Amino acid sequence: MRAVYIPRSLPASRVFSKVSSRSVATVPNFINGKFEESKATKFIDVFNPATNELLCRVPRSTPEELKRAEEGAKEAFKTWREVPIQQRQRVFFNFQKLIRDHTEELAKSITTEQGKTLADARGDVFRGLEVVESTCGMGNLMMGESLENLARGLDTYSYRQPLGVTAGICPFNFPAMIPLWMFPVANVTGNTMLLKPSERDPGAAMILARLAKEAGLPDGVLQIVHGAEETVNFLCDAPSVRAISFVGGNNAGEYIFARGTANGKRVQANLGAKNHATIMPDADREATVNALVGAGFGAAGQRCMALSTILFVGETKEWIHDIVAKAKALKVGSGMDPTTDVGPLITKDAKKRAETLIEQGVKDGAKLLLDGRGIKVPGFENGNFVGPTVLMDVDENNAAYKEEIFGPVLVCKAVDTLEDAIAFTNASKYGNGCAIFTSSGPVARKFQHEIDVGQVGINVPIPVPLPFFSFTGSRGSIRGDVHFYGKQGAQFFTQIKTITSNWDYKPAASKLSLSMPTPGQK
């Protein structure tokens, strides 16, 4: 029997320990409340991005395992939907406390498998925790509508009811936050969920499954299955799955949206991005430069809301030298080192792609003001490191602008006016997020009104809404028209049932009629 990998909090001395390919543990599925070793014969290796040492293997779950998980979720829905909403909320009230208590365990797992700094990993956990906290008051978002006395004795009212079995497909860049966007919202609204973590860093999701069970979530309400395209195809095709929530790249998201909707499923797919920052001359220079460096190079640029494109209006183009100076001072290294600012990219392929796009950007005419390629970190020479990189004079035809690099790379352009910056941003196919830095209220008002992007920051570099609102990327950054968490999240995971009832205390004599009912005329 193979060793089963269930992530625990590891001491620093073990985090980077070498693992023999013969003895490496496998990640279990979580089916019907139990961690189960898969009977798969094919596996995906999980590596530490800072060292490329083998951590564990993710199974390509068998068809039987996937089907059993689906059937378990289908069966669990029958009883879970009948649990009163306030009791479902209490489970997640317990869950949020456990997440707080186990933040360090989750953060260490994220840093080990994904590479981001421990401080950033704690933020990953906390932003997901805020969504869990919001679900503890989900009853307010589940309320329907009513209108009485539409005719004598005639009332109409509506309910929000759960869909049934749902699915979540997660990316590698937020191993805790994105699962927490998905299954807590689905579960509190009365659904069950089949969750597929990223095959690159599944540990945080497995810890969350353990904590959810400890919090009192009934068996089968959350099922975790692993794999790659075969698992994705199963979730898109499974007859019981009513809705799919996806966050990730464009190619996968477009595919899942097309296949899922072709099978009659509701799909929300958050895709790629190219987020623009517009810098006005009246902005606070020091605060703006700090915000741009943090939002551009944090998490090594592996955020869908990273500020990857800077538009300098007028004289602010001189601020580029401040950005380069601060970027040069950032420390690249292992995320476990508390002095590290920029960790590794997730895989060797991700590093190669980023470096290739930097090279192509220069060939397409950009000026390379800071080159992070070829960096070597002492003690971590085999890591997937790319240092902060700054490209200037990048136009709309440059490969470094057209592609989502997903690395610590800022692409920059000087423009003459605010109108030019708005036009350039709106010409992008993406609409996830953008920001403007200014001290002028009228300028900010014009920008927020005319910009065609779903999430706008005014002196805020990463305008991800708190879960009182919803995550509202637009245009090429989203497929589907109902967004994540908040009010829209509740809407995505529920359906409306409308009832029209006639309880006339003294009904008129019954009379047969084949005409269209017109109760409003009475």
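Predicted model: local features only at pLDDT ≥ 70, side-chain atom pairs only at ≥ 80, totals over all residues.

Trainee: How do you know that the number of disulfides in the whole structure is what the search says?

Mentor: The search of the whole structure finds zero disulfides, and the distances bear on that. A disulfide needs two cysteine sulfur atoms within 2.5 Å. The sulfur of cysteine 170 has its closest cysteine sulfur in cysteine 304, 13 Å away, so that is too far for a bond. Starting from cysteine 304, the closest cysteine sulfur is in cysteine 170, again at 13 Å and too far for a bond.

Trainee: Is cysteine 170 buried or exposed, and what makes it so?

Mentor: Buried means under 20% relative accessible area. Cysteine 170 has 8%, so it is buried. Cysteine 304 has 13%, so it is buried too.

Trainee: What makes the phi of alanine 299 worth a look?

Mentor: Most residues other than glycine have a negative phi. Alanine 299 is not a glycine, yet its phi is positive, near 60°. You will find alanine 299 in the loop between helix 10 (285-297) and strand 13 (307-313). Its relative accessibility is 11%, so alanine 299 counts as buried.

Trainee: And why is arginine 475 called partly exposed?

Mentor: The label covers what lies between the buried limit of 20% and the exposed limit of 50%. Arginine 475 has a relative accessible area of 26%, and therefore it is partly exposed. Arginine 475 also has a positive phi, about 50°, although it is not a glycine. This arginine 475 belongs to strand 20 (residues 474-475).

Trainee: What makes strand 5 and strand 22 edge strands?

Mentor: Look at the open sheet of three strands, in the order 5-6-22 with antiparallel pairing. Strand 5 (146-151) and strand 22 (494-502) each pair on one side only, and that makes them the edge strands. Neighbouring strands of this sheet are turned by 25° against each other on average, direction ignored.

Trainee: How do you know that strand 6 and strand 22 pair?

Mentor: Pairing asks for at least two bridges. Strand 6 (residues 154-162) and strand 22 have nine, in the antiparallel sense. As an example, arginine 160 is opposite isoleucine 496 of strand 22.

Trainee: What makes strand 16 mostly covered?

Mentor: Strand 16 (residues 409-415) has seven residues, and six of them are buried. Strand 16 runs parallel to strand 13, joined by five bridges; there, phenylalanine 312 has alanine 414 as its bridge partner. Strand 15 (residues 389-392) pairs with strand 16 over three bridges, also in the parallel sense, and valine 390 is opposite leucine 410.

Trainee: Which residues are the closest to the centre of the largest pocket, and how much space lies in it?

Mentor: About 1,200 Å³ of space lies in the largest pocket. Of the 40 residues that line it, the closest to the centre are Phe172, Gly248, Gly249, Asn250 and Ala252.

Trainee: What helix gives the most to the lining of the largest pocket?

Mentor: That is helix 9, with five residues. Elements that each supply at least two residues include helix 8 (229-237), strand 10 (241-247) and helix 12 (348-363). By residue type, the lining divides into 19 nonpolar, 11 polar and 10 charged.

Note on methods:
Residues numbered from 1 in each chain as written. Heavy atoms only, no water. 1 Å grid on protein atoms, 1.4 Å probe; cavity = no way out; pocket = protein on both sides within 12 Å on 5 of 7 lines; lining within 4 Å. Points joined across faces, edges and corners; volume = space filled by probe spheres on them. Helix = DSSP H or I, 4+ residues; strand = E, 2+ residues; numbered from the N terminus. Nonpolar A, V, L, I, M, F, W, Y, C, P; charged D, E, K, R; others polar. Buried < 20%, exposed > 50% of the residue type's maximum accessible area, 1.4 Å probe, protein only. Axes fitted to C-alpha atoms, helices over the stretch in contact; angles between N-to-C directions.
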